Amino acid sequence: LSTSIYKKMTTVQEALQTEDYPAAITQLNAILARGDKLKAYDKAKSYEMLANIYAAQNQYAKSANYSLEAIALKVLDLESEKNIHHRLIYLYFFLEDYDRAITYINIWFKQEAQPQVKAYFAAAQIFAANQQMQQALSYAQKGMKKAKATQESTVKESWYKLLVAIQLNLKNFAQAQPYLEEALSQWPGNLEYYQQLSAVHFELKQEKDAWAILSLAYQNSLLDKAVDINRLAQQYRYHNYPDKGARILQQGLNQKALSSPEKYWEAAANAWLQAREWQHAEKALNIAANMSSAGKLWLQLCQTATQGEKWQAAINYCHKAIKKGSLEKEEGTARYLIAMAKYYQNKLTEAASAFEHCTSWEKT
């Protein structure tokens, strides 16, 4: 710097130490007002200082413009130029001008002999934001490799999240799996990793593993959304553990984690029916039926009671089903079950009359 400009820059630095940005900007503009009398290097350093100030105030467009003015003069040393290129990467990222950010990524990585791990992941994030996933993956993998080679404990959770997100976007499920397992081992309280790893196993046709991972999340008290609780319960039913599925649903209902209680009490009842636990099924169906505005669930209760040979209960349930209505073609089934129950109660006259009612229903 020229001697006179160096003195003025010292005053600018003093203003910056107290974060008096307006005073610093005023002094730098006064320097630049000298115009052609100003040496190119003095001008470039003034632009660079203005770029720093505006970046500190989150005025990214102004900071980028002054950064470009500084390097356009082609008088700065390589280190200063490299620092400006590095700053331009982030400025254009914040401005969502990803193409320009990528331009300076390519320039900076050629200039920097030893990029830090975070620089690789910053580049990966920008390429991903620009939907250039293969390039994003390349930078993220290089960053992770370097992070593990230096000191694995310094690996940040956000780096795992970014690398996994890129792999999943590219449908590289097998490649995403080990990173998800590592993340899960380090941050076992993060439900997202269980969900992603379960989904990865499912995509790889490893259904039992997918189920096991989701079950582990449930055991760790991490599942609190209705969709996840219901999915796990249905997986238990699918793998022929319907009683466990029913208990999961009922626990969710008791803890009010499941909205639409009628729907889920019915689902719990169906799980109990699959398990041939008639008594539990009847209790769950009774709760659901009392919540319902239609007779369908009362009819299902009637059928359950019939299977348990509880004839009077079957009759009562079927009458409630008919009274509640909305059975449509199923009303004939309700009347048929009443007739059957009367028959097994040895009330033959009533049974005969009930069977007469069934003849008008095609299904019976």
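# Exercises on a predicted model

Asp228 is buried, at a relative accessible area of 4%. The model is predicted.

**Exercise 1.** State where Asp228 lies and which residues beyond its sequence neighbours it is in contact with.

Solution. Step one is the element: Asp228 belongs to helix α13, residues 226–238. Step two is the burial: buried means under 20% relative accessible area, and Asp228 has 4%, so Asp228 counts as buried. Step three sets aside the neighbours within four places in sequence; the contacts of Asp228 are then Leu191, Gln195, Leu214 and Leu223.

**Exercise 2.** Decide whether Thr333 is buried or exposed, and list its contacts.

Solution. Thr333 is placed in helix α19, which covers residues 331–344. Its relative accessible area is 14%, so Thr333 is buried. With neighbours within four places in sequence left aside, Thr333 is in contact with Leu299, Gln303, Lys363 and Thr364.

**Exercise 3.** Classify the ring pair of Phe109 and Tyr139, and say why it ties together separate parts of the chain.

Solution. The model has 19 aromatic pairs. In one of them, Phe109 and Tyr139 are 5.0 Å apart centre to centre, with 55° between the planes. Planes under 30 degrees apart count as stacked and over 60 as edge-to-face, the rest being tilted; the pair of Phe109 and Tyr139 is therefore tilted. Phe109 is in helix α6 (residues 98–111) and Tyr139 in helix α8 (residues 133–150), so the pair joins parts 30 residues apart in sequence. Finally, Lys142 lies over the face of Tyr139, 5.7 Å from the ring centre.

**Exercise 4.** Describe how helices α4 and α5 pack.

Solution. Two packed helices are described by the angle between their axes and the distance between the axes. For α4 (residues 60–72) and α5 (residues 78–94), the angle is about 150° and the axes are 10 Å apart. Angles over 145 degrees count as roughly antiparallel, so α4 is roughly antiparallel to α5. The crossing of α4 and α5 is left-handed. Among the residues that meet are Tyr60, Ser63 and Leu68 in α4, and Ile84, Leu88 and Phe94 in α5.

Terms used: Residues numbered from 1 in each chain as written. Predicted model: local features only at pLDDT ≥ 70, side-chain atom pairs only at ≥ 80, totals over all residues. Heavy atoms only, no water. Phe/Tyr/Trp six-rings, centres within 6.5 Å; stacked < 30°, edge-to-face > 60°. Helix = DSSP H or I, 4+ residues; strand = E, 2+ residues; numbered from the N terminus. Lys NZ or Arg CZ within 6 Å of the ring centre and 35° of its normal. Axes fitted to C-alpha atoms, helices over the stretch in contact; angles between N-to-C directions. Parallel < 35°, antiparallel > 145°, perpendicular 65-115°, else oblique. Left-handed = near helix turned anticlockwise from the far one by under 90°. Contact = heavy atoms within 4.5 Å. Buried < 20%, exposed > 50% of the residue type's maximum accessible area, 1.4 Å probe, protein only.
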